[in-house]
Amino acid sequence: MRQRKDFLEDESATERLGEAIGHMLRPGLKIYLHGDLGAGKTFLTRAILRAAGHTGRVKSPTYTLLEPYTVTLQGHTVALCHFDLYRISSPREFIEAGFRDYFGDENICIVEWPEQAGDLLPKADMEIFLTAEYQGRTVELRARSELGATCLENLYPSPNT
Ligand SMILES: Nc1ncnc2c1ncn2[C@@H]1O[C@H](COP(=O)(O)OP(=O)(O)O)[C@@H](O)[C@H]1O
Ligand SMILES: [Mg+2]
């Protein structure tokens, strides 16, 4: 499966999606979150982190640009980097901050406003588009790699397999 559209009728639907994503994290997974301010990118990330076992606060990286966490996946400690690139002034700042080094094969990266880094970001495994619609949110998940496609299959198991 390469893409999937869904409607999240309220906050708890977003939380359920985040929880499901949090349970299928893999080392190296890159998830890029698209959507206007208030679309629910940070909210979704919070639910992902909680499901991955993080019990502390999840601050929006609005000003810090990066909030680092560690999560335990099948007994292994993995870094999870939550970026919000809304406030970087140019893709160059992304390089100068050393952010590129975080996008290795091991770390999980969740990025809000990835478009702010221009084409400096490596390819996402999964892109998620959130749009406010009626009282809820439309969500579109697009797998951009085999890893992303596997994750999407796990999120929405096809009925005939
Ligand atoms: N499915 C939903 N329906 C309605 N409101 C939602 C839904 N999911 C999240 N929200 C709300 O949307 C807001 C999103 O804020 P936030 O995650 O900070 O946005 P962003 O990080 O995209 O700027 C939160 O206040 C949250 O309560
Ligand atoms: Mg945000």
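**Entry 1: a word to settle**

I call a residue buried when its relative accessible area is under 20%, exposed when that area is over 50%, and partly exposed in between. I keep in mind that this is a predicted model.

**Entry 2: around proline 114**

I looked up where proline 114 lies. I found proline 114 in the loop between strand 5 and strand 6, the latter spanning 126-133. Then I listed its contacts, leaving aside neighbours within four places in sequence. Proline 114 touches Tyr32, Leu33, His34, Leu85 and Leu121. I also checked arginine 4. From C-alpha to C-alpha, arginine 4 and proline 114 are 20 Å apart in space, and 110 residues separate them in sequence.

**Entry 3: the magnesium ion**

Which residues coordinate the magnesium ion (ligand 2)? I found Thr42, through OG1, and Glu112, through OE, at 2.1 to 2.2 Å. Threonine 42 belongs to helix 2 (residues 41-51) and glutamate 112 to strand 5 (residues 108-112), so the pair ties together parts that lie 70 residues apart in sequence. Next I looked at burial. Threonine 42 has a relative accessible area of 13% and is buried. Glutamate 112 is buried too, at 3% relative accessibility.

Seven strands make an open sheet, in the order 1-7-6-2-5-4-3, and the pairing is mixed. Which strands stand at the edges? They are strand 1 and strand 3 (66-73). Each has a single partner strand, so one side of each has no neighbour in the sheet. From one strand to the next, the twist averages 20°.

I then picked out strand 4 and strand 5. They pair in the parallel sense, over five bridges. Histidine 82 stands opposite isoleucine 110 in strand 5.

**Entry 4: helices across the sheet**

I followed two helices. Helix 1 (residues 11-22) lies across strand 1, strand 2 (30-34), strand 6 and strand 7. Helix 1 runs at about 145° to strand 1. Helix 4 (residues 146-155) lies across strand 1, strand 6 and strand 7. Its angle to strand 7 is about 135°.

**Entry 5: aromatic rings**

How many aromatic pairs does the structure hold? I noted eight. One of them joins phenylalanine 7 and tyrosine 134. Their centres are 6.4 Å apart, with 80° between the planes, and the pair is edge-to-face. Phenylalanine 7 sits in strand 1 (residues 3-8), and tyrosine 134 in the loop between strand 6 and strand 7 (136-143), so the pair ties together parts 127 residues apart in sequence. Phenylalanine 7 is partly exposed, at 35% relative accessible area. Tyrosine 134 is exposed, at 74%.

I then looked at tyrosine 86 and tryptophan 113. They form a tilted pair, 4.7 Å centre to centre, with 50° between the planes. Tyrosine 86 is in the loop between strand 4 (76-84) and helix 3 (91-96), while tryptophan 113 is in the loop between strand 5 and strand 6, so this pair ties together parts 27 residues apart in sequence. Is tryptophan 113 buried or exposed? Its relative accessible area is 15%, so tryptophan 113 is buried. Tyrosine 86, at 34%, is partly exposed.

Phe83, Phe94, Phe99, Tyr102 and Phe103 form one aromatic cluster. The charged end of arginine 142 sits over the ring of phenylalanine 129, 4.3 Å from the ring's centre.

Terms used. Residues numbered from 1 in each chain as written. Chains lettered and ligands numbered in written order. Predicted model: local features only at pLDDT ≥ 70, side-chain atom pairs only at ≥ 80, totals over all residues. Heavy atoms only, no water. Donors = N, O, S within 2.8 Å, 3.2 Å for Na, K, Ca; no water. Helix = DSSP H or I, 4+ residues; strand = E, 2+ residues; numbered from the N terminus. Buried < 20%, exposed > 50% of the residue type's maximum accessible area, 1.4 Å probe, protein only. Contact = heavy atoms within 4.5 Å. Phe/Tyr/Trp six-rings, centres within 6.5 Å; stacked < 30°, edge-to-face > 60°. Lys NZ or Arg CZ within 6 Å of the ring centre and 35° of its normal. Pairing = 2+ DSSP bridges. Axes fitted to C-alpha atoms, helices over the stretch in contact; angles between N-to-C directions.
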